[in-house]
Amino acid sequence: MKVFFSCFYLPLFVLSIYVSLCGQHVYAQSASFDYYTKEEKKALTKYFYNNYTLQKKNSGRYSSRRIDLAEAYRLKYEWLVSQIEHDEFVKNKQIAETIATTYAHLKANYPAGAWAKKILISKSMVPNAYCTGEGTIILNLGILERLHSVSELAFVLAHEAAHNILDHVNENINRHYDKDLSNKKKDRMHESSHSADRLLTTYQSIIYEDFHHSVKLEEQADSLGLQIIKKSNFQVKAYQQVLSMLDSSDYPVYKVKPNIKECFNFPAYPFQEKWLKKSATIFDEERKSVFIFEKDSLKTHPNCFQRIAYLNTLSSYVNDSQRENQSLDHITKLITENAISITQKSNDYGRGLFLALQAIEKTPNDTYSKLQLSQLLVNIYEAKKDHSLGKYIKPSYEYPKLMEDIYAFLTNIRLSELGKLSFHYINNENNFDPKIEDFYVVLWKMSTYVNDKQVMQEVRKAYTQNFPKGKYKTTFITD
Ligand SMILES: [Zn+2]
C-alpha cells in the first residue's frame, strides 16, 4: 500500500507518524568502514614510495638487469598508488585489531625472517589475499567475510607472511629477467599507460608467467605457513576450512539468485516479464580473472584439494583440541551488513542491487536493507538518466550466472519504467519507514523524477513536521 496516498489522507498519516516517533528508535545502523583521509592517503603513498625506492636501490645487486627490475617495481608502485587513489583500501577498528592481534601472536612465536610490516584491507569482495613483495599484505573483505575463526585468519596471515619471508614476489620478478626476453615481452613492459588494469596485467604477466615455478612457491609458502602456525596457539588444521572455502568461492556467500520480480511487483504497477528477457547485454563481458596476483594468491592453480592433501601430510600427528578457535562471526556479520554500501561507494550498482535483494529476501523486515535498496534505485535512475549506467555496472567474474537477471533487468528496463517502479517501491508502507529521515529524501527525489508534485509536497510537509531540526531540512528547502 502506498505511503503517501493523497492530500486528503495525509493529515491522518502524518499524525500517526508523529505519534510513532515518540516511541523507541528501532533503527540502528551497524559499525561501518572508513575510507582513508587525504592525509592518510598521502602517508600511505609515501610508505609505498619509500618501499619502491628501497627496492630499486637494492636491485643494484642484479646489475645487468637493474633497469628492467626498476621498471617492474615502478609498475607495482603505480598500481598500488592507483588503488589508494580509487579508495580501494578501507579501515575498520574492530577488524584491524583482530588482524593485528592475530598477526602479532604469530610473529611473536616465530620471530625469524622478514615479516611484512603492514597489513591493509581492500574493499574488494573477491575472496582473496596477497603479499605485494615489499612488506605489505593485503586482505580483501571478500575473504574476511568468509573466515569462520581466528585460526582460519591465522592460516591466511601465516601463508602470506611466508611469501614475504621467502621473498617470493621478488624471486619471481628476478626469474623473469633471468630468461632471454623476447622483444614482444619487452614491448609489453614498455607500453606505458596509467590504466590500473593495464598496470596490473603487465605486472602480473611479469611475475607469474611460470606456472610450475609458482606451484613450487605455493607449496613452500604453505609449508612455512604451517610451521609458523604450529609454533602458535592457533588450530593447525584450519587450512582445511580455508582451502575448501576458497575452492567454492566462485559462489557468493548466499548462493541464491535474488527474485527481482517478487520485490518489484505492485498492484498499481505490475512487474513486466520483458524486463528479465535474456539477450546479450551491454554488461556481458568475457569472464576474465579478477584475482589480483592470482597465481600468488591463496586460491591458486594447484587446486585447493591438492593443497589440503599436501598440508595433511605435514600435520598428520597434530592434535588441535587444546588450541584456540575463537569465532569470527561478528566480523562476517559486520562485512555482510556493509557490503551493499561498499558496492555503492565502489560504483558497482549491479552487485549492490544483487546484495540488497538478497538481504531483503533473507530478512524481509530489515529496514536498513530496504533503505539501501531505495537509495540504490535513485542512484541507478540518475545514472540511467545521464546515460552513464555502464560506468556503474561491473561484470561479475565470480558468479555471472547468479547475476544474469540483474544485468537483463538493468539493460531492458526503460528510464520511465524504472522511475515508476522505484517510486512504487519507496512509496509503499511495507518499505517506507517514517521513523527514518533518509526515507523521506529518497521518496522526495523519486517523486521529483516521476514528477508527482502532490507526493513531493506531502513528503516535504511530513518531513518538516516530524523532523523540525532534521539533517535534510535544507535539502528540501533549497531544491
Ligand atoms: Zn600463496
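Visitor: In which strand does Val 90 lie?

Guide: Val 90 lies in strand S2. Strands are DSSP runs of E with at least two residues, helices are runs of H or I with at least four residues, and both are numbered from the N terminus. This is a predicted model, in which local features need pLDDT of at least 70, side-chain atom pairs count only at pLDDT 80 or more, and totals for chains, interfaces and linings use all residues. Residues are numbered from 1 along each chain as its sequence is written.

Visitor: Why does Val 90 count as buried?

Guide: A residue is buried if 20 or more other C-beta atoms, placed from the backbone, lie within 10 Å of its own; it is exposed if there are 12 or fewer, and partly exposed in between. Val 90 has 21 C-beta neighbours inside 10 Å, and therefore counts as buried.

Visitor: With which residues is Val 90 in contact, leaving aside its neighbours within four places in sequence?

Guide: Contact requires that the C-beta atoms of two residues, placed from the backbone, lie within 7 Å. On that basis Val 90 is in contact with Phe 33, Asp 34, Tyr 35, Ile 121 and Lys 123.

Visitor: What makes strands S2 and S3 a pair?

Guide: Two strands pair if DSSP finds at least two bridges between them. S2 (residues 89-91) and S3 (residues 118-122) have two bridges and pair in the antiparallel sense. In one of these strands, S3, Ser 122 is the bridge partner of Phe 89.

Visitor: How many bridges link S3 and S5, and in which sense do these strands pair?

Guide: Five bridges link S3 and S5, in the parallel sense. Ile 119 has Ile 137 of S5 as its bridge partner, and Ile 121 has Leu 139 of S5. S4 and S5, by contrast, run antiparallel and are joined by three bridges; Tyr 130 has Ile 138 of S5 as its bridge partner.

Visitor: What is the order of the strands in the open sheet, and which strands stand at the edges?

Guide: The five strands follow the order S1-S2-S3-S5-S4, with mixed pairing. S1 (34-35) and S4 (129-131) stand at the edges; each has a single partner strand, so one side of each is left without a neighbour in the sheet.

Visitor: Why is S5 described as largely enclosed by the rest of the structure?

Guide: Five of the five residues of S5 are buried, and S5 is therefore largely enclosed by the rest of the structure. Both faces are covered: Thr 136, Ile 138 and Asn 140 are buried on one side, Ile 137 and Leu 139 on the other. In a regular strand the side chains alternate between the two faces of the sheet.

Visitor: How do you know that the buried residues of helix H13 line one face of the helix?

Guide: The buried residues of H13 (residues 304-314) are Cys 304, Arg 307 and Leu 311. The arc is that of the directions from the helix axis to the C-beta atoms. For these residues the arc is 55°, so they line one face of the helix. The face turned away from this buried side carries the exposed residues Phe 305, Ala 309 and Thr 313.
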